[in-house]
Amino acid sequence: MNKIKDEFIADPKNGGSPIKKKITVVLVGNPNCGKTTLLNRLTHSKESVGNYPRVTVTLARKSCVHDGLHIELIDTPGIYALTSQSGEERETREFIHSGQADIIVNVLDAGNLERSLFLTSQLIEMGLPMLFVLNMSDEAHSRQLTIDHHGLSSMLGGPVYESIATRGEGIKALLDGMVHMHRQKVSPEPVFLPYDAHLERAVEKVQRLVFELHPGSFDHNQSRWLAIKLLEGDDQILVQEGEHAHLLEMVHRQRYDLARDHGEECEFLFAAARYGFVHGMVTEAVHAPKTATGFLDWTNRLDRIFLHRFLGIPLLLGLLWIMFQSTFSLGEIPMGWIEAGVGWISATVASHIPAGLVHDLVIDGIIAGVGGTLVFLPNIIILFFFMALFSETGYLARAAFLMDRSMHAFGLHGKALIPLIMGFGCNVPAVMATRTIEDHRSRMITILVSPFMLCSARLPVFILFAGAFFGEQAGLMVLLMYFLSIVIAMVAAVVLNRLILRRDENPFVMELPPYRLPTLRAVMIHMGDRVAGFLQKVAGVILVGSIVIWYLQAFPRHEILNHDYDAEIARFQHMPEAVMYHETINALKMKKSQEELEQSYLGRIAQAIAPVFSPLHFTWKDTVAVLTGFVAKEVVVASYAVLYAQNDGVKERSESLRRALSTTMTPWEAFTFMVFALLYAPCLGTIATIRKEAGGWIWAGYSVVFSLTLAYSLSLSVIWIGGMVS
Amino acid sequence: MEYRLVDLKPGETGKIKGISGSINNKRRLTAMGIVQGKEITVEMIAPMGDPRIYSVLGYRLSMRNEDAQTISVVRT
């Protein structure tokens, strides 16, 4: 049997050479065990060399060279078990079994061994060489826990190391350990969890049949693992073995008999046996002083303040206010620099490219579009600084705990609070902030709902409309829009929960890690990864989107206009300077661009689909504004400025635009447009972020369709009510 | 005397007897260390009474009352 194992380790795919130049190591552990920090330390936080995109999660891949060996490290999502219940668990398991992994490094929270080792009890059955790391050993020391490495190592069948990843301690020893394990081809003593006689008999029976059905394809470890998973009733493995009716029937019978004899489902008999094994190990290898209070003292003290019945929520709101203010007020300063920088680049490039098609494409399409997205960068950096701070200190879990009751009323997770509040600033970081929600379903609901929050880009639209149509009550109207956005987000969450997304009952159980001092390094890495991700993926979509919109606006070229504006402008320019001279030229220029817009593809599309919006009393001009708002909501104001032939550089507070606009709609129609603008499709940047965060165009498309439907039906109700009232 | 975990008051400890409810519920709780025979203590209550913080296996977790309802305990 050892021979089979050796071949397995040597990787038969590797052309017969037993020593590979490159090995793949997969890091597995619970959430909050410091796995990612450890990975960054191991690889000196080198740029990620790529990802393994999976269906629900992406496995980050980083690499390093140690002692002449190329080591590729794979980060897996934090998990508590290896069942097939969640996507994270399934995909970690699949990766381990894919044959791509050579060594498993199981990262354990040294101060929380008993719970951490439950996952270990499942990992060691997978039959790969394993290393164990007691991370955050400083915490264990501060609690005066002594851990017998040697004893633990012999019980687990693999070497045990100690590390403090945040300080970079124990990293070299661990890398040495990987290299040693690979070079010596140290195959761990196979560890068999001692199940009781009944379970063991069932495992053997099933294993024998598995062997017969798959001759030569599994070694002892693998077939045993498969047998155990079958007996545990693992949905995925049952489906995988679905063709062997005979096997399934036997498994079913064994499960039924065991459950009947023990008064408990088979799956939990195995779990109990695992916990028994773990408890035995911890009792033997971990020694705690008798006086140990169990939990860290200062965590207790801090919790008494932060989770206080009356102080807890005001403190949370205060901290969120600071985060929000910093993100958007502090962010404005570098935003100004970026805008200025983009302006300078634009001007410089403009002076080097002769006027014409390329000039327009580069300036109006590419630089304007990408620059428009880049201005969000300061927001994202500051937001993720705070997010990293909250999650590294352990406060995030506390915030979720405090708010869970209120959020739960709408079918949301406590952690959804932060993305929703961020949404008031900008939906892009809001969608990114949903990463902290582990439960996939809750996260998807939050992603779909957070674009309804009235972001700062939509505010100019409402300021313009409120000012133009509601005069004295303008402030009240804007406030009403904020109120509406919250109500609709909450109602949408309830609707999504009840109707659209499948309801599976995942209990809300969340670990509250001890408070930890974040290291600057960890916060920086956390931020850096997010920022890089934002720049790469979002910028790509934005670039394409901006070019498309530019094209639609700029083409077809050389259409015959009703009026020869250029000639008239030229005529004015040749005339001696007179009163109203500049105003007249500007007015002509605006009239020209208005007519160009009308004849552009964008204008034609707007006129073609205007009938769709006619029940909402939108004109084709409103439709153009709606279409350009897809790129970014603040563009709506700029579009109206062009549509109503206003001067360049019009802002939402412009008197003349207000006056021009106020004659085109009734207040009810304006309110209808405001409701529509609040809800309809997220902007391009948000759509791109949703695609990236939710893992596919389907979710992005879903978000667009869902919000468009909601926007249309609600606006329709508003105009109907308006019709009846007035 | 058998109780539901929700019936314990802050500071009280119980020994876990069993978990009822759906298989998913049971799986998730099992993975988090909620298993028969382990001691569990109520540590804190959220401002609105739900969820609550428990300590089990030497760590802390937050659980909603509707989930704690599915766990039966014996007072110790």
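**Chain A**

I began with burial in chain A, where 44% of the 726 residues count as buried, a residue being buried if 20 or more other C-beta atoms lie within 10 Å of its own, exposed if 12 or fewer, and partly exposed in between, with C-beta atoms placed from the backbone. I noted that this is a predicted model, in which local features need pLDDT of at least 70 and side-chain atom pairs count only at pLDDT 80 or more, while totals for chains, interfaces and linings use all residues. For my labels, residues are numbered from 1 along each chain as its sequence is written, and chains are lettered from A and ligands numbered from 1 in the order in which they are written.

I then looked up the elements and found 33 helices and 10 strands in chain A; helices (H or I, at least four residues) and strands (E, at least two) are DSSP runs, numbered from the N terminus. Among the contacts in chain A with a separation of 6 or more, 72% are between residues 24 or more positions apart, where contact means that the C-beta atoms of two residues, placed from the backbone, lie within 7 Å.

I also stopped at A:Met136, which is not a glycine and yet has a positive phi, near 55°. A:Met136 sits in the loop between strand 6 (130–135) and helix 5 (137–142) of chain A, and I wrote it down as buried because it has 28 C-beta neighbours inside 10 Å.

**Chain B**

Chain B has two helices and six strands, and from the N terminus on I read their order as β-β-α-β-β-β-α-β. Its radius of gyration is 11 Å, close to the 11 Å that the globule rule gives for 76 residues, so chain B is as compact as a globular protein of that length; the radius is taken over C-alpha atoms, and the rule is 2.2 Å times the number of residues to the power 0.38. The C-alpha trace of chain B spans about 30 × 25 × 20 Å along its principal axes, and 49% of the 76 residues of chain B count as buried.

I followed strand 2 (residues 13–19) of chain B to its partners, bearing in mind that two strands pair if DSSP finds at least two bridges between them. Strand 2 of chain B runs antiparallel to strand 3 of chain B, with three bridges, and there B:Gly14 has B:Ile40 as its bridge partner. Strand 2 of chain B also pairs with strand 6 (residues 71–75) of chain B in the antiparallel sense, over five bridges, and B:Ile19 stands opposite B:Ile71.

In the loop between strand 3 (39–45) and strand 4 (52–56) of chain B I found B:Pro51, which is joined to B:Asp50 by a cis peptide bond with omega of about -5°. B:Leu57, in the loop between strand 4 and strand 5 (59–63) of chain B, has a positive phi near 50°.

**Where the chains meet**

The contact takes 30 residues from chain B and 33 residues from chain A. On the side of chain B that touches chain A, helix 1 of chain B gives the most, with eight residues. I also noted that strand 10 (residues 509–511) of chain A and strand 5 of chain B run antiparallel and are joined by three bridges, with A:Glu511 opposite B:Leu61.
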